[in-house]
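Trainee: I would like to go through the labels used for this model and the criteria behind them.
Mentor: Go ahead; here is the entry.

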Amino acid sequence: MQVSSLNEVKIYSLSAGRSLPEWLSDRKKRALQKKDVDIRRRIELIQDFEMPTVSTKIKVSRDGQYIMAVGTYKPRVRCFDTYQLSQKFERCLDSEVVTFEILSDDYSKIVFLQCGRFVEFHSQHGHYYRTRIPKFGRDFSYHYPSCDLYFVGASSEVYRLNLEQGRFLNSLQTEASESNVCDINPVHFLFAMGTAEGKVECWDPRTRNRVGLLDCALSSVTADTEIDGLPSISALQFDGALNMAVGTSTGQVLLYDLRSSNPLIVKDHHYGLPIKSIQFHRQLDLIISADSRIIKMWNRDTGKIFTSMEPEYGINDVCLYPNSGMLMTANEAPKMNIYYIPVLGPAPKWCSFLDNLTEELEENPESTVYDDYKFVTRRDLENLGLAHLIGSTLLRAYMHGFFMDIRLYHKAKMMANPFAYEEYRREKIRQKIEETRAQRVQLKKLPKVNKELALKLIEEEGEEQQITRKRKQKNLPSLLKDDRFKVMFENPDFQVDEQSEEFRLLNPLVSKISEKRKRKLKILEELEAQGQEEEEEPEGKASDAESSESSDDEKGWVEEVRKQRKLLRQEEKLKRQERFKEDQQTLLKPQFFEIKEGEEFRSFKDSAKKQKLMKKTLEDRLKLEEKLGTLNVSDTTVGSKQATFKLKKSEQQRKQQEAEKQHRQERKTLRRPASHLKSKRGRGRLFH
């Protein structure tokens, strides 16, 4: 059982917990209950109180013994007997049910309005009769004095089916294009229907004439509401002879007195979802309204929220068990929720044990499992001498430590540190001594960095504290105690340089602001001491005085800033003169630079030429290269330009090429005499 509380109103969810599948045998269910704690602790108020997929509508019979619900899939109706706390019967239908009504005190007479324009009648034994209406129906109501069924839907007509004669009567012709909901007053049997245009039409069944028209769409729009389109009527419910509640498709609930065309109160759910159901609780003067997301209970006189519930799944219908605090919902889920709210009323007589159960829960609040265990880390276990228990059943691993029994922890702590009480006693005595020391007069210790700023802040803080005490206001946090600005009074890098240009220019302004603040504080203290009340004329005079003072302050500040600027300029001139004198006194010594081997010294004009060349445009540089012969531009047959260029060689590459050329020439000169000698020897032999 899940317990929630909102506005000190406890709500017990009796359907919370896991549900077992239907196909499980009783033996397996018992075995699961023994093993699983959640299944064992759950409360199954009514056995198998659920639908296969979705439940759409839920109602209670007038005698309170039977709870009937319809849902899908497949379309079916289930009847639950509260005296037996189990399912009475289940009947499958041909099409989905839009809504249904229990005509008798028990389940013996039921009418179903289905999606395919069918109206199906069931008796105690089962299906009894089936008929069809001309247009798709959305809601119907039963008029007990005449035994007429009034059907509204996708038509401007209201169809009447008389169950005594067994035939359709003349329909009621309305001004609406479509109708969504309808209801009949249980006291004077006035028939009311909510239209798609946001209006409510009231008809007298005796004369079959319209007796009233309410424009709820116009009344639902207030200054706080935001709507996208025209609100239509989605819920309608009578309370007594004079009150009627109307729910709109944009999430507003309007409470009307039938004697007035203006609503008594307009309540907005602030979700923009259509209102699905409206119920009245007369004992506490509450209205229970629900959309697909939330169930709200609020006071019908003031509109103040009493409590609210947000189920896990979407809500389709809400049913309040009569004369009790039990609430049931049909959801977009298999399980139908059951809530018990003791403030609304006692539990029904068929489950009176709920009152005793909730009283015991309130008297004995359930302690959490972690209250009996102590979380310890590995280091704590080593200090206690229990590291050898790691891996045993006495320790349960959890995150970065272990859970152990609190009794074992206390015993181990007493054995590991028998003098813990003495240490605790000494610590308490030390705390008492420090408390007495704090009451003595303490000297204010200034920080090492920014002492003047800290002193100024302490003085301003004392003045502000005096003012706040007189005005009984809350003290503002101190800048010195704020951790965000702690470094400003500890790190020397944050030391204020009073000789800097910025500080000297701002210092006149800062000093004037502090003086101005002190003047204002003195004026306020004088006014509070005299106890004079503020009037219009004195305020005007004070403002004139302040304006004159502010103008004088501005003039004085401007003059001081000018003085500071003159002083700064004079200091800059003196610094320049000193630098000039130092430059004259210093003797320039010649500097020598060493040139690398293989390189020749060139004049400084080459670098100047390169800089001038880089400043020229690309076209000028190309023309210069053409003149020097390193670049050749020619036109091709295709019509494009062809450029051929020669890379400039460095001095080192040029010298290397010259050396190679000289080496080749030397080798040639050495080879020529050898070849001449060979030729001469050959000639001699031939002629010899």
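Trainee: How many bridges join strand S12 to strand S13, and how do they run?
Mentor: Four bridges join S12 (residues 148–153) to S13 (residues 157–162), and the two run antiparallel. This is a predicted model, where local features need pLDDT of at least 70, side-chain atom pairs count only at pLDDT 80 or more, and totals for chains, interfaces and linings use all residues. Residues are numbered from 1 along each chain as its sequence is written, and side-chain values use heavy atoms, leaving out hydrogens and water.

Trainee: What makes S12 and S13 a pair?
Mentor: Pairing requires that DSSP finds at least two bridges between two strands; S12 and S13 have four, so they pair. A strand here is a DSSP run of E, at least two residues, and a helix a run of H or I, at least four, both numbered from the N terminus. In S13, the bridge partner of tyrosine 150 is arginine 160.

Trainee: Why are S11 and S14 called edge strands?
Mentor: The open sheet has the order S11-S12-S13-S14, with antiparallel pairing. S11 (137–143) and S14 (167–173) each pair on one side only.

Trainee: Why is serine 232 called buried?
Mentor: Its relative accessible area is 15%. Buried means under 20%, exposed over 50%, partly exposed in between (1.4 Å probe, protein chains only), so serine 232 is buried. Serine 232 lies in the loop between helix H3 (216–220) and strand S19 (233–239).

Trainee: What makes alanine 154 partly exposed?
Mentor: Alanine 154, in the loop between S12 and S13, has a relative accessible area of 28%, so it falls in the partly exposed range.
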